[in-house]
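View the model first, then read on.

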Amino acid sequence: MCKGSEVLSSTSVQSAETGAPEAGVIKRVLLVDDSRVQRRILSLSLKRDGYDVIEAASGQEALDICREDPPDLILSDWMMPGMSGLEFCRAFRELKTEAYGYFILLTSKSEKTEVAQGFDAGADDFLTKPVNGYELRARISAAERILRMQRELTDKNKMISETLDELQRLYDSLDNDLLAAKKLQQSLVPERFRTFDHAAVSLLLQSSGHVGGDLVGHYKISETRIGLYAIDVSGHGISSALITARLAGYLSGSSPENNIAIQVLPDGTHTHHPPEQVVARLNEIILDEMETEHYFTMLLADVNLQTGEVILCQAGHPHPVVQRADGTIEQDGPGGLPVGLIPGGEFAQFTLKLNPGDRLFLLSDGVTECPDMGTGMLGETGLETLLKELYQHDLESTLQAMVWKLDEFSGGKGFPDDVSGILMEYKD
């Protein structure tokens, strides 16, 4: 039997009963065969079904066509002089194409090893010769379903990719805004180290994220008195940071006239309101003037640089820590209510006495609640041990050395909460 008669059996590709094919993803079909007769027979049948058919007499010619304009479906003979159908299939799969091309090998081979070779080369399906028209139509219908699903998946992946790109742009924009917010928040603590007569103060502010809810600072009351404040706003992130920015304005060191803790006397000098009254006033402000669900803990101190007397108000913040000149540690305080929880809340103050060489620490709970490598926390006992290890450090490096110790304690996992603190050393 001649080669032409083997291509298509007496049953046509599309019978009268099945009608014309529905519009689908397969529009362009590439026929590859060195026999013009075979190509002619298949081409007429496929064109009658509405497909745009392109013919190639060799694998190399077909590959050149695919480089220029890849078809939706390829029907290629296996046995051809020069580049075989198997070699053409491999070369076709190596092309960079946007859409997937379905590849059917036409062959008289039926051995399992040879079929496996075809699949390994990238073929999607096989048709044995002579080609049965119904079988070819069924294989093309299967190709339609697979290509439709593949292209739907491609479209969805493209949509996902575009959405992710847009999200990345939004994330980058938000990240830039947060970095700017971080710089702004850090600017609320412009002087990390400052000396006064008979004292020196070091500040630490390290957020667990870009921005946080902790705030530390100091302000000058007079030539012999300074104020210290340590604040920890509930929650994390931007909303907490906005509260700290507002509070920084109420306790401004650069504008004493705007500082609610400082009273301007008739002669132009300044004095300090009792710390318990200042905290009570902040409690009124956050409940009456700020529309927020946040509250905060606080330590506010009025330090007399001549006598070493420190008047403090503790509002839910961790106890102040005094490290005496001989290295011993004292941690005590009344505790008190956080600020912004109860209208008309009362806050008590107490007094500490510092002697030359003593150090005063006002630390956030991000220090004492720093997790270890297991399920525990540093706690007050661990803090006492840590501060004794740092006893010989100079004032400027002590708080940063404490952060390094905490990082080592947590196994390098970072801090789940903001870490902040004030260290004041009283001098002779």
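This is a predicted model: local features need pLDDT of at least 70, side-chain atom pairs count only at pLDDT 80 or more; totals for chains, interfaces and linings use all residues.

## Geometry of the helix pair

Two packed helices are described by the angle between their axes and the distance between the axes. Helix α3 and helix α4, which spans residues 85-93, pack at an angle of about 20°. Their axes lie 10 Å apart. Angles under 35 degrees count as roughly parallel, and α3 and α4 are therefore roughly parallel to each other. The crossing of α3 and α4 is right-handed.

## The sheet

What is the strand order in the open sheet? The order is β2-β1-β3-β4-β5, a sheet of 5 strands with parallel pairing. β2 (52-56) and β5 (125-128) are the edge strands, and each pairs on one side only. On average, neighbouring strands of this sheet are turned by 20° against each other, direction ignored.

Strand β4 covers residues 102-107. β4 and β5 pair in the parallel sense over 4 bridges. I104 has D125 in β5 as its bridge partner.

## Helix on sheet

Helix α3, residues 59-68, also packs on the sheet. α3 touches β1 (28-32), β2 and β3 (73-77). The direction of α3 makes about 135° with that of β2.

Key. Residues are numbered from 1 along each chain as its sequence is written. Side-chain values use heavy atoms; hydrogens and water are left out. Two strands pair if DSSP finds at least two bridges between them. Helices (H or I, at least four residues) and strands (E, at least two) are DSSP runs, numbered from the N terminus. Axes are lines fitted to C-alpha atoms, for helices over the stretch in contact, and angles run from 0 to 180 degrees between N-to-C directions. Contact means heavy atoms within 4.5 Å. Angles under 35 degrees count as roughly parallel, over 145 as roughly antiparallel, 65 to 115 as roughly perpendicular and the rest as oblique. A crossing is left-handed if the near helix is turned anticlockwise from the far one by less than a right angle, and right-handed if clockwise.
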